[in-house]
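Thanks for coming, everyone. I'll walk you through one structure this morning. Here it is on the screen.

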Amino acid sequence: MGKQSNKAYKSTIDVAQQFATDEACINYLEALRWPKGVRYLECSGERVSRYLAKGREKRDKEGTLTGLRCPDRIIYQCLDKDCFHQFTATTGTIFNDSHLPLQKWMMAVALTINARKGLSAKQLQRDLSVNYRTAWYLEHRIRKAMGLGNFTDEKMTGTVEIDETYIGGKFDKRRKRARWDKEPVFGMIERGKDEQPSQVRASHMPTVNRFNLYGKIKETVDLKAELVITDESKLYDTLGNSLNHDIVNHSAKQYVVGDVHTNRIDGIWSLLKRGVIGQFHQISIKHLQRYLDEFQFRFNNRENVELFSLVISLLLIRAAMPYDKLTSGPSAKRTRNSSAARKVAPPDVS
């Protein structure tokens with residue numbers, strides 16, 4: 001899976017020191033949003049003033065100071081004669097409607113990107129001194145932003161390993177699922193070449209059949225890819241009609257034949273399952289894709305020296321995800337999946 005560079009990760013000590021005050025956080029967000037200088041979002045006015053609005057004091061009935069009703073804030077005001085609107089560095093971002101201090105947002109991002117096998121909401125609750133629901137909601141918003149960072153139109157062109165795995169844990173007759181009723185996850189990894197590290201793409205697939213698999217392969221892998229490697233599963237037996245396809249026969253105890261193997265994608269599944277077993281313990285099917293987005297984003301950007309800034313930038317441009325929307329809707333239904341569950345003709349990937 002490759003050696004991860006420590007340069008790509010900010011330590012929690014670095015984050016605590018760099019973002020010790022609200023002003024430091026605001027200055028950081030300002031530099032990310034407006035690298036060429038602050039301007040108002042609506043009229044694009046470049047003449048903007050910045051000032052500190054003092055917070056209002058909060059006193060009890062006896063007149064004793066008990067705190068601040070409103071903290072100090074850095075305000076920007078557009079100086080265009082037809083505008084004069086006021087705004088802040090968080091206006092129109094996910095940070096604007098959050099009750100959490102910006103310091104805790106920064107720390108949550110650092111903790112998440114540094115946790116190679118994921119970070120549970122319970123652990124984040126302890127690290128940030130927030131309640132569990134806040135920590136859980138915070139993590140899902142960070143995962144959603146990471147999902148945006150995974151989006152790319154570029155197809156895989158080198159040596160590509162393809163495999164599927166199943167998430168669901170060991171069978172327990174006390175739980176409401178059949179013995180083999182697990183959720184399938186389909187993945188592809190392009191081996192690294194030159195200075196480009198290996199890149200993975202993984203997605204939750206409610207039903208495993210040739211139609212779904214071949215559609216995802218057609219969407220992701222270039223027809224001129226150097227080599228596509230799978231195991232001996234019957235799901236892939238016609239893949240060679242359109243792609244340069246080779247297999248490694250796991251059922252015959254064959255795991256490596258020269259450069260033909262699926263060890264890299266198997267390593268991704270191992271990392272994912274270690275996270276589920278050791279960190280999250282159980283995850284909802286409804287949110288499974290968001291967990292996959294987190295793991296593949298962290299893996300694909302493991303050598304990105306600006307990883308922390310990238311996640312903050314994605315949070316700045318990512319639309320908010322209301323808590324009601326995150327928790328509403330019917331839960332995904334578990335279904336039994338097997339290669340013979342649905343017999344359909346495989347689509348042509350050409």
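Which residue in β9 is the bridge partner of E161? Keep that in mind while we look at the strands. One caution before that: this is a predicted model.

Start with the sheet. Five strands form it, and it is open. The order reads β8-β7-β6-β9-β10, with mixed pairing. At the edges sit β8, residues 199–204, and β10, residues 245–247. Each of those two pairs on one side only. From one strand to the next, the twist averages 25°.

Now zoom in on β6, residues 159–167, and β9, residues 227–230. They pair in the parallel sense, over three bridges. And here is our partner for E161: I229.

Next, the helices on this sheet. Helix α6, residues 210–220, lies across β6, β7 and β8. Its direction is at about 30° to β7. Helix α8, residues 288–300, lies across β7 and β8, and runs at about 180° to β8.

On to a helix pair. α2 covers residues 22–33, and α9 covers 307–317. Their axes are 11 Å apart, at an angle of about 80°. The two are therefore roughly perpendicular. Who meets whom? From α2, we have Y28, L29, L32 and R33; from α9, F308, S309, I312, S313 and L316. By class, that contact has six nonpolar residues, two polar and one charged.

Definitions and conventions
Residues are numbered from 1 along each chain as its sequence is written. This is a predicted model: local features need pLDDT of at least 70, side-chain atom pairs count only at pLDDT 80 or more; totals for chains, interfaces and linings use all residues. Side-chain values use heavy atoms; hydrogens and water are left out. Axes are lines fitted to C-alpha atoms, for helices over the stretch in contact, and angles run from 0 to 180 degrees between N-to-C directions. Helices (H or I, at least four residues) and strands (E, at least two) are DSSP runs, numbered from the N terminus. Angles under 35 degrees count as roughly parallel, over 145 as roughly antiparallel, 65 to 115 as roughly perpendicular and the rest as oblique. Contact means heavy atoms within 4.5 Å. Ala, Val, Leu, Ile, Met, Phe, Trp, Tyr, Cys and Pro count as nonpolar, Asp, Glu, Lys and Arg as charged, and the others, Gly among them, as polar. Two strands pair if DSSP finds at least two bridges between them.
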